[in-house]
Structure formats: C-alpha cells, structure tokens
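Subject: Structure handover and findings

Hello,

Here is the structure for you to look through. Please open it alongside this message.

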Amino acid sequence: MPASSSRFCRSLQVFAVLQWLFLFLGLSQLCLAVLILALLSPAWILGVLYLVWLYGDRNTPRTGGRRSAWVRNWAIWRHFRDYFPISLVKTAELDPSHNYLFGFHPHGVLVIGAFSNFCTEATGFSRLFPGLCPHLLMLPCWFHLPVFRDYSMLSGLVSSAKASAAYLLSRPGGGQVAVLAVGGPLEALEAKPGALSLRIRNQKGFVKLALEHGASLVPVFSFGENELFQQFPNPPGSWVRTAQEALQPLLSVSLPLFHGRLGLLPFRRPIYTVVGAPIPVRRSPRPGRAQVDALHALYVERLTRLFEEHKARYGVPADRHLVLT
C-alpha cells in the first residue's frame with residue numbers, strides 16, 4: 001500500500017475514534033444545551049413537542065430499544081475497529097432458539113471492545129452468531145439525556161435496569177443477547193495497562209437474573225481492554241480513589257482520571273474479545289441463595305478457565321492470573 005494511502009487510512013481511523021469519543025464524552029452535554037436554548041428561544045414549541053414525545057417514549061430503553069441495522073453497518077465502525085484493531089473470537093456455537101446473558105470482562109475505561117463487537121457489525125457478530133441479536137446494557141442515567149439517548153439506541157444500547165434485562169431474557173423464541181459489563185463503573189477505576197483485577201466476587205445479581213429467566217450465561221473476556229489508557233495513580237485508600245468511590249453513587253458513573261495518545265485518544269493496542277461456551281441455566285422464578293452461589297461459582301470457574309486457555313495466545317505471560325475482588 002502506498003505511503004499516502006496508508007496515512008489516509010490511519011487518518012480515517014483516528015477520525016472514527018474521535019467521533020466515538022465525542023459521542024460518549026461530549027454529545028450528551030451538547031444535546032442538553034441545545035434543548036435548553038431551544039426552550040428559551042422563539043422556537044420553544046419544538047422543544048416542548050420533543051419533551052412530550054420523550055415522555056411517551058420513556059420506556060423504550062427498557063423494552064429492547066430501537067436498533068438500526070443501517071447504523072450498525074456504517075463504514076465508520078470498520079475504521080474504528082481497525083484503529084486498534086479489534087477482533088471478535090468465537091469458541092463455541094450458540095443456539096439462536098435460546099436467550100443469553102453475556103458477562104463482559106474487564107470493564108476497561110470506556111468499554112470500547114464491548115461497543116465495537118456488540119453495538120456494530122464491524123467485527124462480524126451476525127456472521128459469527130447467526131440468529132442472535134445483541135444488546136449492550138448501559139447505565140440508565142444516560143437514557144435521560146435528550147437526543148443522545150435516541151442516537152445511542154440505534155446501535156443496540158439499552159438500559160441496564162433490571163426490568164430492561166428481564167425484558168430481553170424473557171422474550172419468547174430466543175435469539176436475544178443481553179451484554180453486561182459485570183464489574184460495573186467501579187471496575188473502570190482498575191483499568192490500567194497490565195491490570196487483571198475483576199470485581200466479581202459480590203456481583204451476583206446477573207446470575208440471579210439468568211436463573212429467573214432460564215437464560216444461558218456466557219463468559220466473555222476482552223484481552224487488551226485495559227491497555228488502551230493510562231490512569232492517574234489511585235491505589236485503594238488514596239485520596240483520589242476515596243473521592244472517586246464517594247462520587248460514584250452520586251453521579252451513577254465513575255470518574256477515572258485517564259489519558260492516552262495526545263490526551264484522550266486511546267493507545268493503538270489490539271483487542272481480542274473471546275466469547276466462551278454457554279452455561280445452560282434451568283429456569284427458577286425464585287432462586288434461593290444456594291442456587292445463586294452455586295451458579296456464580298460455576299460462572300467464575302468457566303471465566304477463569306477461558307482466560308487461562310487463551311492468555312498465551314494474546315500476550316499475557318504464563319505467570320499472570322486473574323485477581324478476583
């Protein structure tokens with residue numbers, strides 16, 4: 001490939017990542033500001049009409065969202081994929097007549113691997129898993145933001161509220177996949193190059209949900225997810241970590257102090273998202289603690305095995321192991 005063509009491709013990749021960063025770090029504030037200005041302008045009636053429509057549409061993020069195959073197949077997502085690059089790795093067949101709950105690990109700073117693999121077709125999800133429809137669960141607070149919430153749903157993002165996941169996992173006929181970053185926003189505070197710490201020991205709500213609806217659990221490990229950004233030192237007990245953990249319940253999101261290339265641009269590090277074999281789950285509408293604990297232990301075992309079986313292939317030294325907190 002000529003040097004000029006190569007530079008052009010790399011420029012497209014940088015642009016694709018920058019527009020995605022703006023989507024999640026700036027678009028919500030811009031949309032809110034535009035709505036407020038519209039309400040204060042002579043065009044206030046348009047703002048009022050949108051708010052009326054928004055009220056009527058308030059449950060959509062909890063009832064499967066509003067996916068668009070056209071948006072998921074935009075060419076810009078392929079440039080986004082190639083920036084790192086990102087690959088989706090299949091290890092087992094998934095029966096499209098069942099519903100699934102994917103546990104995504106680790107969270108990373110911005111869940112970039114999860115977005116690319118499950119909110120776009122850039123890595124070929126529909127080709128690898130025909131008949132399955134993925135939905136990435138995102139914090140409910142994001143769906144209170146005007147316009148931003150509508151754009152987000154087009155890629156398959158839905159609310160992470162329990163009712164939202166329950167709606168997907170109870171759909172008759174199967175074919176629904178709810179993707180949850182199990183470690184949540186606090187795990188993002190651990191997302192640093194070389195880190196293998198997962199917040200999972202006390203994360204059992206997703207297991208109970210799978211039992212209540214008989215949805216198969218699928219462990220997913222995204223190698224390289226934590227290599228994309230550096231963070232300001234925030235060891236447990238430091239004033240930085242204490243402040244971050246105190247603010248998280250108030251803001252619903254964590255506040256990792258991160259940087260990459262030239263500021264917020266992530267480092268070019270390959271991401272390999274490995275989808276494990278499903279764990280069949282028998283439906284139990286009111287599962288007891290013993291059932292939840294047993295299935296959680298099995299899930300942790302399968303996740304650990306998935307990591308150990310693939311770590312050498314994706315650059316993790318043999319003496320490095322997961323740290324479960």
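Below are the conventions, then the findings by region.

This is a predicted model, so local features need pLDDT of at least 70, side-chain atom pairs count only at pLDDT 80 or more, and totals for chains, interfaces and linings use all residues. Residues are numbered from 1 along each chain as its sequence is written, and side-chain values use heavy atoms, with hydrogens and water left out.

Helices and strands are named as H and S. They are DSSP runs numbered from the N terminus: helices are H or I with at least four residues, strands are E with at least two.

**Salt bridges**

The structure holds 13 salt bridges. The term means a side-chain nitrogen of Lys or Arg within 4 Å of a carboxyl oxygen of Asp or Glu.

One of them joins Asp57 and Arg149, at 2.7 Å from N to O. This pair links distant parts of the chain, 92 residues apart. Asp57 sits in the loop between helix H3 (44-56) and helix H4 (69-72). Arg149 belongs to helix H8 (residues 148-153). Both Asp57 and Arg149 are buried. Buried means under 20% relative accessible area, exposed means over 50%, and partly exposed is in between (1.4 Å probe, protein chains only). Asp57 and Arg149 also belong to a salt-bridge network with Arg66 and Asp150.

Another salt bridge joins Glu121 and Arg72, at 3.0 Å from N to O. Glu121 is in the loop between helix H6 (112-118) and helix H7 (125-128), and Arg72 is in helix H4, so the pair ties together parts 49 residues apart in sequence. Glu121 counts as buried because its relative accessibility is 16%. Arg72 is buried too, at 2% relative accessibility.

Arg81 and Asp82 form a salt bridge as well, with their closest N and O atoms 2.8 Å apart. Asp82 has 33% relative accessibility, so Asp82 counts as partly exposed.

Start with helix H9 (residues 162-169). Its buried residues are Ser164, Ala165, Ala166, Leu168 and Leu169. Their cover includes strands S2 (100-105), S3 (133-138), S4 (157-159) and S5 (176-181), along with H11.

How do the axes of H9 and H11 cross? They come within 10 Å, at roughly 40 degrees. Axes are lines fitted to C-alpha atoms, for helices over the stretch in contact, and angles run from 0 to 180 degrees between N-to-C directions. The crossing of H9 past H11 is right-handed. The contact uses Lys162, Ala165, Ala166 and Leu169 of H9, and Leu209, Glu212 and His213 of H11. Contact means heavy atoms within 4.5 Å. A crossing is right-handed if the near helix is turned clockwise from the far one by less than a right angle, and left-handed if anticlockwise.

Next is H11 (residues 205-213) against H13 (289-310). Their axes come within 9 Å and cross at roughly 110 degrees. H11 and H13 are therefore roughly perpendicular. Angles of 65 to 115 degrees count as roughly perpendicular, under 35 as roughly parallel, over 145 as roughly antiparallel, and the rest as oblique. This crossing is right-handed. On the H11 side, Phe206, Val207, Lys208 and Leu211 take part. They meet Gln291, Val292, Leu295, His296 and Tyr299 of H13.

The buried residues of H11 are Phe206, Val207, Leu209, Ala210, Leu211 and Glu212. S2, H9, S5, S7 and H13 are among the elements that cover them. Just after H11, Gly214 takes a positive phi of about 65 degrees.

**Two buried residues**

Ser222 lies in strand S7 (residues 216-223). Ser222 is buried because its relative accessibility is 1%. Its side chain makes a polar contact with the side chain of Glu225, at 2.9 Å. Another of 2.9 Å joins the side chains of Ser222 and Thr273. A polar contact is a pair of N or O atoms within 3.5 Å; within protein, one must be able to donate a hydrogen and the other to accept it, and residues adjacent in sequence count only if both atoms are side-chain atoms. Leaving out residues up to four places away in sequence, Ser222 touches Phe104, His105, Pro106, Gly113, Ile271, Tyr272 and Thr273.

Ile279 is in the loop between strand S10 (271-275) and helix H13. Ile279 is buried, with a relative accessible area of 1%. Beyond its neighbours within four places in sequence, Ile279 contacts Ser216, Leu217, Leu295, Leu298, Tyr299 and Arg302.

Best wishes
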